[in-house]
Amino acid sequence: MIKKIPINELQLGMYVHDLHSSWLNHPFWKSSFLLEDQDELDKLRSCGIKTVSIDLSQSKLVSPAISPVPQKVESIGGAPPFAKQPIASTSTNISFREELKQARRTCSMAMREVSTLFSQARMGKAISMDGAEDTVKQIRGSVSRNPQALITLARLKTADSYTYMHSVAVCALMIALAKELKLNDRMVENAGRAGLMHDVGKMMVPDKILNKPDRLTSEEFAIIREHPERGAELLGQIETIPAEVIDACRHHHEKMDGTGYPGKQKGKEISLLSRMAAVCDVYDAITSDRPYKKGWGPAESLQRMASWEGHFDKKIFQAFVKTVGIYPVGSLVRLKSQHLAVVVEQNEGNLVSPVVKIFFSLRSDLPVKPRLLDLANKNNSDTIVGRESHSKWNFPYLDELWQEST
């Protein structure tokens, strides 16, 4: 018994069946739930949603104005694929803050190893995968202890380290995403290998193009677009590299609508690891500072990626958001209390209420003494009401704020 009503008719006790809005445009991960909390009702009325569908059969305190007359059931296609499932627990054993120190060591080790591997490729030498295998295991260990620490840390890159740290970051993202998708151990390992080696073909691209600080010409971009095939050819010479890893190297720039490259593959023609790599590669690229472009904030990046119709596998993208959080660590957010805050840690099982650090007052337009606030705490009344653009505010110390322990 589904009925579509204007948002101003929504009342406590009604069972919300569909919010009729992209899940990135409202503060709820779930799209169907019993509305029992006044704060949730206030949020729904203030976030721009025009209509909702309610399920009369599951509502408890239905207004007499909403008569439980059988209605034609609407076709519900806008809810995210994972919205009705409980948020999967991860194998997190220690806190973000505790893992951050180890993650720094792992990042340094991994970057040195990738640098060595890529140097071998550039000089035409045979690539030794022994170090790469150990690197994948080290990164997997960090992600298993806490999936956020290394993923967040790997976003911090210098111009000189970008190529290597990008591979480390995509490796960590691929492993975390594979675990979220509940892939078996072999596929988790292959996901990590694919992430670490997906851009090895860029070593065949001249430095003056690869490190060019300005926009590429069409001729230069054509050369860059050769790197997936070049990388796959290089990996194909190594007997121990699984075929799935080579395929992900070759096809991580394909798009679901067939407009990607090099094969213009479409939909399920694209392998699972390639569809995963497409999401992880783009996310890390657009959140990283480049000589020609300032990186977007993590939450802003997810919102933009969600709007790119035909680019990503929707189910994989939803799982990716569950992996990094709707508001990933380092995101700049605006609170109901008229403060700006940076996300410093995720709350497992509550993607919309992370731990944040308040540092700026919108009322006074001045910084305030930084303080931590756990938005999931039952005694807390503050909430996130929106994402803020990093480039709009241009705070130079955001990364320092989330790395500090207090």
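Predicted model: local features only at pLDDT ≥ 70, side-chain atom pairs only at ≥ 80, totals over all residues.
Me: Is cysteine 280 buried or exposed?
Reply: Buried means under 20% relative accessible area. The relative accessibility of cysteine 280 is 0%, so cysteine 280 counts as buried.

Me: How many disulfides does the whole structure have?
Reply: A disulfide needs two cysteine sulfur atoms within 2.5 Å. For cysteine 280, the nearest cysteine sulfur belongs to cysteine 171 and is 10.0 Å away, and cysteine 280 is in no disulfide. A search of the whole structure gives a count of zero.

Me: Which are the edge strands of the open sheet of five strands?
Reply: The strand order is β8-β7-β6-β5-β9, with antiparallel pairing. An edge strand pairs on one side only, and this holds for β8 (366-374) and β9 (384-387).

Me: Where does proline 262 lie?
Reply: The peptide bond from tyrosine 261 to proline 262 is cis, with omega near 10°. Proline 262 is in the loop between α10 (243-251) and α11 (272-287).

Me: What is the relative accessible area of asparagine 394?
Reply: Asparagine 394 is not a glycine, yet its phi is positive, near 55°. The residue is in the loop between α14 (390-393) and α15 (398-403). Exposed means over 50%, and asparagine 394 is exposed because its relative accessible area is 53%.

Definitions and conventions. Residues numbered from 1 in each chain as written. Heavy atoms only, no water. Buried < 20%, exposed > 50% of the residue type's maximum accessible area, 1.4 Å probe, protein only. Pairing = 2+ DSSP bridges. Helix = DSSP H or I, 4+ residues; strand = E, 2+ residues; numbered from the N terminus.
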